[in-house]
Amino acid sequence: MSTGNGMNVGIFVFDEAEELDVAGPFEVLSAWAEHSALKPHVSTFSWDGGGVRLAKGLRLLPDRSADDVGPLHLLVYPGGWGTRSLLADRVHLEWLRAMRAQTPVIASVCTGSLVLAAAGLLSGRPATTHWEHYDELAEIDPSIVVDTEARFVDDGDVVTSAGVSAGIDMALHLVARLESDDVARAVRRGIQYDPDPPV
């Protein structure tokens, strides 16, 4: 899956995307680059290349636009309130279908899976989303097999994760899948991700 120039990972960002949906996978996948023989290059991109304001107010200036992102090995698609307008954006859904055709793995976090569903990318497949949106995912496409137990669902070329922090688990899984368990463990140690919630 890698090329001579390394593996290209793109994280799509948009207004009112959930902060941790973006930053969690970005942290994991960027840390992966420090440990990896595959030399993944992780970048962020917005539709037009302009800055975005995430759901809780964090402002982010992406590296490039959707037109300039180039071929990707992995596309990470976050969730958040901003998915509402994207769900109904025919041009965006057509772009997403085109990306699916040329991208080996598309991975959604949280309600990002709703947009993948609206684009028809999850038809007849197992998938998950934030627990508050299981019914909505099923309404968008009743053929989706909604997994209400998993933190993430790997269905090969499409991977979906549950809400917010589950994107970190999914990203670590992708590191293990695309390279090795040992490298994924090194990344996990490096970012000191060892959940034991205090409440």
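Visitor: Which residues in α6 are buried?

Guide: In this predicted model, the buried residues of α6 are A166, G167, I168, D169, M170, A171, L172, L174, V175, A176 and L178. That's 11 of 13, so α6 is largely enclosed by the rest of the structure.

Visitor: How do I read the packing of α1 against α6?

Guide: The general idea: two packed helices are described by the angle between their axes and the distance between the axes. Here, α1 (residues 19-35) and α6 (residues 166-178) have axes that come within 8 Å and cross at roughly 30 degrees. Angles under 35 degrees count as roughly parallel, and α1 and α6 are therefore roughly parallel to each other. Their crossing is right-handed.

Visitor: Which residues of α1 and α6 meet?

Guide: From α1 you have L20, G24, P25, V28, L29 and W32; from α6, G167, I168, A171, L172, V175 and L178. By class, this contact has 10 nonpolar, two polar and no charged residues.

Visitor: What is the angle between α1 and α7?

Guide: Roughly 115 degrees, with the axes coming within 9 Å. The crossing of α1 and α7 is right-handed. In this pair, V28, A31, W32 and H35 of α1 meet V183, A186 and V187 of α7. The class count there is six nonpolar, one polar and no charged residues.

Visitor: Which residues of α1 are buried?

Guide: E19, D21, V22, G24, P25, V28, L29, A31 and W32. Their cover includes α6 and α7 (181-190), plus the strands β1 (8-12), β2 (41-46), β4 (59-60) and β6 (74-77). With 17 residues, α1 reaches 25 Å from its first C-alpha to its last, close to the 24 Å expected.

Visitor: What does I191 touch?

Guide: Leaving out residues up to four places away in sequence, I191 touches E27, V28 and A31. I191 lies in the segment after α7 and counts as partly exposed, at 25% relative accessibility.

Visitor: Is R90 buried or exposed?

Guide: R90 is exposed, at a relative accessible area of 75%; the cut-off for that label is over 50%. You'll find R90 in helix α3 (residues 90-102). Going from R90 to G80 takes 10 residues in sequence and 19 Å in space, C-alpha to C-alpha.

Visitor: Now the backbone. What is the phi of E16?

Guide: General idea to begin with: most residues other than glycine have a negative phi. E16 has a positive phi of about 65 degrees although it is not a glycine. E16 sits in the loop between β1 and α1, and at 35% relative accessibility E16 counts as partly exposed.

Visitor: And where is V164 found?

Guide: In the loop between β11 and α6. V164 has a phi near 40 degrees, again a positive value in a residue other than glycine. Its relative accessible area is 23%, so V164 is partly exposed.

Technical notes:
Residues numbered from 1 in each chain as written. Predicted model: local features only at pLDDT ≥ 70, side-chain atom pairs only at ≥ 80, totals over all residues. Heavy atoms only, no water. Axes fitted to C-alpha atoms, helices over the stretch in contact; angles between N-to-C directions. Helix = DSSP H or I, 4+ residues; strand = E, 2+ residues; numbered from the N terminus. Parallel < 35°, antiparallel > 145°, perpendicular 65-115°, else oblique. Left-handed = near helix turned anticlockwise from the far one by under 90°. Contact = heavy atoms within 4.5 Å. Nonpolar A, V, L, I, M, F, W, Y, C, P; charged D, E, K, R; others polar. Expected span 1.5 Å × (residues − 1). Buried < 20%, exposed > 50% of the residue type's maximum accessible area, 1.4 Å probe, protein only.
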